[in-house]
Amino acid sequence: MADHPRRLKRSGLTMPIVTERFINNAWHRGCDFINMDLEDSVPPNLKDVARNLVRQSIPVVNKGGADAVCRINHDLMEADLNAAVWPGLMMVNYPKAEYAHEIRRMDEIITRLEAERGIRPGAIEIGANIETAVGVANAYEIVSASPRIRDFGGASGYDMSRDLGVEMFVGFDQFVYGKGEVELTARALGVEPHAAPFTPNLTGSVSDPDRAFAEADAARRCGFRIGGGLHPNVVEPQNRGFTPTDDEVADAHWVLEQYRLLSRSGDTWIQTEDATGQPRIIDRYEAARAQELLQWRALCEERDREKSEAISRVRAAEEHAE
Amino acid sequence: MTILVRRSNLMVPASQHRMIRWAWNRNADAITIDLQDGIPDAALETARETLQSAVAQVGKAGAEVFVRVNAAYVYADVAAAMCRDLRGIVLPGAESRQHVAEADAILTELERHHGVELGSTEIIPSIETAAGVWHIREIITASPRIRQVCIDEAELAASLGIVQGADPDPFVYARGRLCIEATAAGVQPIAVADPMGLSTENLSHDDLVQIATDARNLGFKGLVCPHLNWVNPVNDAYTPTESLVDYYTQVREVFAQALAAGTAAAPFAGRMIDVPVDEWAKDVLAMSAACAARDAEKQTAHEKARIWQETAP
């Protein structure tokens, strides 16, 4: 399958597609993606209504530069895919993924729909959400089942806690093993891992911006780049938390400069002091880290520019219309 | 689907006759008579001779009865234990599919010989080594007799050269792997509460409830209790409290109203109630009903045993 551009997923709002107010207002929040939910936030009697809204909602959520994602129902996969795979959709989230054959089936259906509907082959990503013990146990087979899986994670949250029979906010990490398994799987198979490192949380708040920033910042320091949430309050803190700061960028430039000097000296490492007087080791590992940080920051800047230009265009068009 | 309620499993050494005589009266969901620890080989023969009556004795108030056999003498120990009152065996040091398959074959042979329903005797594999932790999937899927699996941290510590009660917790991976693999296979993971990283001395009722609650929140469905005084706190920690039942009853009502009003998310008591929360509420209420049923069953058996005891010559 051809190479597809890496899409950033630092922040995203998941919202019931049947709540028009949410869908219509989400585009200017600055999310990297918007996840239109057909699953848990939609009552059973509205599933048909919800499905019929996806195609028209894609351009609505797209217009501020956010990528459109649709979370389908595990048990209504075929009908939901048929309703969701349209031009402009980036990704389908598949909840409670448990077996490779489920993913292979999705891949087949999406491949057919792409061909029928004028979508670049292989463009639509599959998000295989791990929310059960069976999903963790079969993680490697699941990720191996389709090249459409470009990021992978889960193994925590309400569904997982229910499956294990554990409570959610207990002050220790009930999910540490499962999260480790899915992260190792993702890294071993070369897809982007996403996970939440443990930070004690006894409130379960979904709208606290400080908590959202602290969690995003912790996640980035553990090597994760993917966020998402339920409340507009958490979008900006997540974008910020997943993006390297100006100080970190300056430090990375300094590290690379030191490494250039070191390379000329013929030594492989040196201990020196940075701008703040902290002792630092400079070696090729540190240089590689700095290099990667600068690359990631450049991707973040490019993505932010893309979104702010899109939002400006919409605003200008709206003013023009008035 | 019926829920297997086996909150407390009290371990009683076969050689301690006083405990064998009185363990029935301590409200354990299950009792395991231990032929392995603390019994010198010379005393094993005597213990085996009285094993069937011990099984009947400890089970007379409704506890399910298990025997922990010796890894080296599975056949002889099972032969001594096999009877209709025996619920199953604890198989120490399980490391492979083969290991379980052998025990399964022995049980089948002895069930046939003793006229016990074929396949009715459970195996609880006890994971005690790195090999056991690694091969967990093949072990727990090796026999349909397996409904529970336990991890014996004291043994695991010994086999890995870990000091018991070490801090930081050395068993994060082993415990997590057990809970995930067992849950995935539809088998209940249970903890052996000694040590759970702890010394068992000087623990209050509340301490023990907390230990059992932590075990529950790691995913374990019950605890093997090293002492009599663990049983009630463990039962308490695994039985949804009245206030929890009230809360989740309300949660279900609020969610049902929300659905009727066309939304699948509703605020309640500072939290958002949606599908997974409602599903969890169902589980808590089902667990509560299952515990109540099990307690009533034990209560009835206990009444009978007590009357029998009083009227016995």
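Reader: A polar contact here is a pair of N or O atoms within 3.5 Å, where within protein one must be able to donate a hydrogen and the other to accept it, and where residues adjacent in sequence count only if both atoms are side-chain atoms. With that in hand, how many residue pairs are in polar contact between chain B and chain A?

Author: This is a predicted model, and in it the count between chain B and chain A is 7 residue pairs in polar contact, with both residues at pLDDT 80 or more. On the side of chain B that touches chain A, helix 9 (172-185), helix 10 (205-218) and helix 13 (275-311) of chain B each supply at least two residues. Helix 9 of chain B gives the most to that side, with 9 residues, and by class the side of chain B that touches chain A has 12 nonpolar, 6 polar and 9 charged residues.

Reader: And how much area do chain B and chain A bury between them?

Author: About 2,400 Å² is buried between chain B and chain A, and 61% of it is on carbon and sulfur atoms. The residues of chain B that lose the most area to chain A are Ile180(B), Asn217(B) and Trp280(B), which together make up 25% of what that side buries. In terms of residues, the contact takes 27 from chain B and 30 from chain A.

Reader: How many salt bridges cross between chain B and chain A?

Author: The rule finds 3 salt bridges across the interface of chain B and chain A. Arg162(A) forms one with Glu279(B), where the closest N and O atoms are 3.1 Å apart, and Arg162(A) also forms a salt bridge with Asp283(B), with the closest N and O atoms 2.8 Å apart. The pair of Arg162(A) and Asp283(B) crosses between chains, running from helix 8 (residues 158-164) of chain A to helix 13 of chain B.

Reader: Is Arg162(A) buried or exposed, or something in between?

Author: Arg162(A) is partly exposed, since its relative accessible area is 29%, and Asp283(B), at 27% relative accessibility, counts as partly exposed.

Reader: Switching to the inside of one chain, how is chain A divided into domains?

Author: Chain A is divided into domain 1 (12-242) and domain 2 (246-321), and the C-alpha centres of domain 1 of chain A and domain 2 of chain A lie 28 Å apart. Their contact takes 15 residues from domain 1 of chain A and 11 residues from domain 2 of chain A. The area buried between domain 1 of chain A and domain 2 of chain A is about 1,100 Å², with 45% of it from carbon and sulfur atoms.

Reader: What is the count of salt bridges between domain 1 of chain A and domain 2 of chain A?

Author: The count there is 5 salt bridges. In one salt bridge of chain A, the side chains of Arg225(A) and Glu292(A) meet at 3.0 Å, N to O.

Reader: Now chain B, please: where are its domain bounds, and how far apart are the domain centres?

Author: Chain B is divided into domain 1 (8-238) and domain 2 (242-311), and 28 Å separate the centres of domain 1 of chain B and domain 2 of chain B, taken over C-alpha atoms. In the contact, 13 residues of domain 1 of chain B meet 8 residues of domain 2 of chain B. The area buried between domain 1 of chain B and domain 2 of chain B is about 860 Å², 47% of it on carbon and sulfur atoms. Within domain 1 of chain B, Trp24(B), Lys60(B) and Ala61(B) lose the most area to domain 2 of chain B, together 44% of what that side buries.

Reader: How many salt bridges does the rule find across that domain interface in chain B?

Author: It finds 1 salt bridge across the interface of domain 1 of chain B and domain 2 of chain B. Lys298(B) forms a salt bridge with Asp29(B), and their closest N and O atoms are 2.6 Å apart.

Reader: One last topic: which strand holds Asn35(A), and what is Asn35(A) in contact with?

Author: Asn35(A) lies in strand 2 (residues 33-37) of chain A and counts as buried, at 4% relative accessibility. Leaving aside neighbours within four places in sequence, Asn35(A) is in contact with Leu13(A), Thr14(A), Met15(A), Val69(A), Cys70(A), Arg71(A) and Asn93(A).

Methods
Residues are numbered from 1 along each chain as its sequence is written. Chains are lettered from A and ligands numbered from 1 in the order in which they are written. This is a predicted model: local features need pLDDT of at least 70, side-chain atom pairs count only at pLDDT 80 or more; totals for chains, interfaces and linings use all residues. Side-chain values use heavy atoms; hydrogens and water are left out. Domain bounds come from an automatic or database domain assignment. Contact means heavy atoms within 4.5 Å. Buried area is the accessible area (1.4 Å probe) that two parts lose on being put together, summed over both. A salt bridge is a side-chain nitrogen of Lys or Arg within 4 Å of a carboxyl oxygen of Asp or Glu. Helices (H or I, at least four residues) and strands (E, at least two) are DSSP runs, numbered from the N terminus. Ala, Val, Leu, Ile, Met, Phe, Trp, Tyr, Cys and Pro count as nonpolar, Asp, Glu, Lys and Arg as charged, and the others, Gly among them, as polar. Buried means under 20% relative accessible area, exposed over 50%, partly exposed in between (1.4 Å probe, protein chains only).
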